[in-house]
Amino acid sequence: MKKITALMLCLLMLTGMAVCASASEAELPRNETLYFGGLQWGPIASWNPLGAPNNAMIFEQISRGTRVPVWETLYMYNPLDGALIPLLADGDYQWNDAMTEITVKIKPAAKWSDGTKVTAEDVAYTFEVNAKYMTNQGLQFAPFVAAVEAADESTVVIKSVLADGKSANPLVTLTYLMQPYVLQKAWLLAVEERNGGDAVAVLNDFADDVVGSGPYKPFFSDDTKVVAIRDDNYWGRDASMWGKLPVPKYLAHQIYPDNAAVQVAFAAGEIDVNQQFMPNVQDMWLRDGLPISTYLPEAPYHVSATMPTAWFNMNSHGLDNVAVRKAIALAVDYDSIIANAMTNQSPSFSAVPRSMMNPTDGEQATFDHEAVKHLQWAGLDIEGAKKLLDDAGIVDTDGDGWRELDGKKLEYNACCPQGWTDWMAAMEIVAAAGQAIGIDITTNFPSWEVYQTVFSAANQTEYDIFMFSPDGASPTMPWMRVRQFMSSEFIGADNNWAGNWGNYRNARADEIIAAIPQETDPDALKALYTEAVTIYLTEVPSFSLMYRPSQFHTVNESVWTGYTEAGDGNNIPPQNCLNGYAIADLYNIRLVD
């Protein structure tokens, strides 16, 4: 499958590996094909789920919901309500009394695409291989998952790394249930054997013989598109799972050169499901009359799961003073950011008052809103910001229009990567807020190549106020985001991609972050989260500028209809019909009459 000639295409029809078409393009029946956009930006590197295959339509193992059309996970994550829904797993998972081990049963009906049974040994060996070759999944889970064992053919035991006799982090252990793929042991052994156990070779194997358990399997790829074909023998037809096959026979993704080309193709009905930010997306149906829609019929149109944030560098003069930090945060015109940078594709901070939680119902339920209401702000409070500074004695003493602290002018740069237009617009508004309250803030937009090396450096002094996003929805949320915002464990860490990029330190916040994963009492857990939010809103080590979807989910209903939408009662997340429980959409859509 690395290179396919026109003659080979017809022959490969017999193996289910390719479409009979010209060498330059694989033509697919439009009424059997669901086309995607905004996921795949170049030819695939492989079909190998162990490596980095650049195969985005079918491959993504992440905490907000792994992509499961070809390979499957034990459970599917639903970020709308935080539920883990059994996929390969048979029923609910079970913690032991000490919460150090999780036991999972495998569905008796679950089978691989070659017809053999999915077993607990497959699950166990997948963990072993990920750890052995230090795949991305191995790197992520090795510090927290000690072992995955097959107790018998259908019983899996997932054991936590222990700290003082307790699970080092039960939330991460729980995430293991829905993030890494379960891979076939026999196929893994074959890959290891043909590559002599060499780690680089194993991870780079093209894997055109890959075996999966999902409803689709590899079909075709070249430099113009990638296609998966439905496995009509898929085990999910069993009554213990979906009870039927997904509707589209083919999943396909044309490879486009840029966002503009994707948007043109989407408007023309050549793409059905589009994962792309499109400014003023509502114009496509309100102005242009196209059969295009989003999950929410009105602004913000999408479900926001993360929150691009401005971080204060505690090493910069004056930003170690809470009055300076909070005054800047109070003065920012967030509604302007949402209107201009996001073209209203984000809820406002009036609609979803700020905390450390994203706007989903599950996260919003984790803390006491009334207890922190007096600390929240919606922005553009210029007079309140000025009074805060005045009361702190941070005033203009030399008449130049700029405030001083300890005799030194307050002046800062506000930074984000060049070309990230929505972030750049947001930082311009932050700078304007500073100017309005007597703090000299100017913008600086380095290239991403430069930016990433600076903001992630230990104790950097080049950027004063700078943007980066915490993680989105996952079973570890909102604990993981609280940790990213305030944990001192990241202070002094070079090449820091984990969190607390401003080097904020608070001993009580550290205690709360350590306690949350161990707490099982719902009331006590809510109290801990409420205290964490209280500290964050009081101390303002950083401030979120907008809410943002982790995925944009926009559909063109020229060919297919019946996609998930808010209020339809299906509770299917708007994640492009592919991630976690969003794959349920493939069983509900239908051709337009």
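Which loop does Asn344 lie in? Hi everyone, let's start there. Asn344 sits in the loop between helix 10 and helix 11 (361-364), where helices (H or I, at least four residues) and strands (E, at least two) are DSSP runs numbered from the N terminus.

A quick word on the basis. This is a predicted model, where local features need pLDDT of at least 70 and side-chain atom pairs count only at pLDDT 80 or more, while totals for chains, interfaces and linings use all residues. Residues are numbered from 1 along each chain as its sequence is written, and side-chain values use heavy atoms, with hydrogens and water left out.

Asn344 is not a glycine, yet has a positive phi of about 65 degrees. With 37% relative accessibility, Asn344 counts as partly exposed; buried means under 20% relative accessible area, exposed over 50%, and partly exposed in between, using a 1.4 Å probe and protein chains only. Ala207 also has a positive phi, about 60 degrees, without being a glycine. Look for Ala207 in the loop between helix 6 (199-204) and strand 10 (216-221); at 1% relative accessibility, Ala207 is buried. As a reminder, most residues other than glycine have a negative phi, and most peptide bonds are trans.

One joins Ala299 and Pro300, with omega about 15 degrees, and Pro300 is in the loop between strand 14 (292-294) and strand 15 (304-306). Another joins Met477 and Pro478, with omega about 0 degrees. Pro478 belongs to the loop between strand 21 (465-468) and helix 16.

Now, helix 16 itself, residues 479-486. Of its 8 residues, 8 are buried, so helix 16 is largely enclosed by the rest of the structure. Among them are Trp479, Arg481, Arg483 and Phe485.

Next, please turn to helix 10 (residues 334-341) and helix 14 (residues 421-436). Their axes, lines fitted to C-alpha atoms over the stretch in contact, come within 9 Å and cross at roughly 155 degrees. That makes helix 10 roughly antiparallel to helix 14, a term for angles over 145 degrees. Ser336, Ile337 and Ala341 in helix 10 meet Asp422, Ala425, Ala426 and Ile429 in helix 14, contact being heavy atoms within 4.5 Å.

Last stop: Asn579, in the loop between strand 25 (560-561) and strand 26 (590-591). Asn579 is buried, at 0% relative accessible area. Leaving out residues up to four places away in sequence, Asn579 touches Glu60, Ile62, Arg64, Gly65, Thr66, Arg67 and Gln551.

How values were computed: Axes fitted to C-alpha atoms, helices over the stretch in contact; angles between N-to-C directions. Parallel < 35°, antiparallel > 145°, perpendicular 65-115°, else oblique.
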